[in-house]
Amino acid sequence: MVNIELKDNEYLVLQKLLFKETGISLGDNKQEMVKARLLKRLEHHKVNSFSDYLKIVQISQSEKEVFLNQLSTNETYFFREWDHFVFLEKQAQHSSALRVWSAAASQGAEAYSIAMVLDSLLTNYAVVGTDINTEVLEIARKGLYPFKWIEKIPYEFQKKYCLKGEGRFEGKFLVDPCISKHLLFVQNN
């Protein structure tokens, strides 16, 4: 792999572009991380500077999407922030229908967690998961996850909503389609 320097002035342009497009503010301490995440894109386009790559990003919508996907961080797991689910359960107990937005949905684990809680209490609900990163949204739409992720899901929800993979899906689980039909994943910032 070629080692191309990410100059301070290039990083400043990159920071401004990322903030303009997403609202994500990169600190000055992220320069090496950004460089590491984008070097393959420079190689892909056979350019020798980040300035040249940024020109491509600014004229190509498809490359801008790749750029944003590379620089967005996607932390997710099932039933993250347990207190939020306790609150949600209380709200659902006093409702006949709910629609919930899962912002920064990443790979969808939180959105599916919301759906599990709502499905256990309601029949009329919808969950919309949004993220800027199109690659993680594709994972979310499938609802297929590494089996080790199941550990964070309460046992009663594991039994009811998680289908253990077999054959080529060994080592994975699928969120039951009975709740998937209540979810919609779309790109949005």
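Two strands are taken to pair if DSSP finds at least two bridges between them. In this predicted model, β4 and strand β5, the latter made of residues 172–175, meet that condition, since three bridges join the two strands, which run antiparallel. Within this pairing, leucine 163 stands opposite leucine 174 in β5.

The pair belongs to an open sheet of three strands, whose order is β3-β5-β4 and whose pairing is antiparallel. β3, covering 144–146, and β4, covering 162–164, stand at the edges with a single partner strand each, so one side of each is left without a neighbour in the sheet. On average, and with direction ignored, neighbouring strands of this sheet are turned by 35° against each other.

A further open sheet, again of three strands, has the order β1-β2-β6, and here the pairing is parallel. Its edge strands are β1 (97–102) and β6, each of which pairs on one side only, and the twist from one strand to the next averages 15°. Six bridges hold the parallel pairing of β1 with β2, and serine 102 stands opposite glycine 129 in β2. In general, strands of a sheet pair through backbone hydrogen bonds, in either the parallel or the antiparallel sense. Helix α7 lies across β2 and β6, and runs at about 170° to β6.

For helix α1 (residues 8–22) and helix α2 (residues 31–45), the packing angle is about 80° and the axes are 11 Å apart. Because angles of 65 to 115 degrees count as roughly perpendicular, α1 and α2 are described as roughly perpendicular to each other. In this contact, Asp8, Tyr11 and Leu14 from α1 meet Gln31, Val34 and Leu38 from α2, and the residues involved divide into four nonpolar, one polar and one charged.

The largest nonpolar core has 32 residues, of which Phe78, Met116, Leu118, Ile153 and Phe173 touch the most other members. At least two residues of this core come from each of α5 (82–93), α6 (109–119), β2 (124–131), α7 (134–142), α8 (155–161), β5 and β6 (183–187), and α6 gives the most, with eight residues.

The protein chain has nine helices and six strands, and its C-alpha trace spans about 55 × 40 × 25 Å along the principal axes. Of its 189 residues, 44% count as buried. Among contacts between residues at least 6 apart in sequence, 73% join residues that are at least 24 apart.

How values were computed: Residues numbered from 1 in each chain as written. Predicted model: local features only at pLDDT ≥ 70, side-chain atom pairs only at ≥ 80, totals over all residues. Heavy atoms only, no water. Helix = DSSP H or I, 4+ residues; strand = E, 2+ residues; numbered from the N terminus. Axes fitted to C-alpha atoms, helices over the stretch in contact; angles between N-to-C directions. Parallel < 35°, antiparallel > 145°, perpendicular 65-115°, else oblique. Contact = heavy atoms within 4.5 Å. Nonpolar A, V, L, I, M, F, W, Y, C, P; charged D, E, K, R; others polar. Core = buried A, V, L, I, M, F, W, Y, C linked by side-chain atoms within 4.5 Å. Buried < 20%, exposed > 50% of the residue type's maximum accessible area, 1.4 Å probe, protein only.
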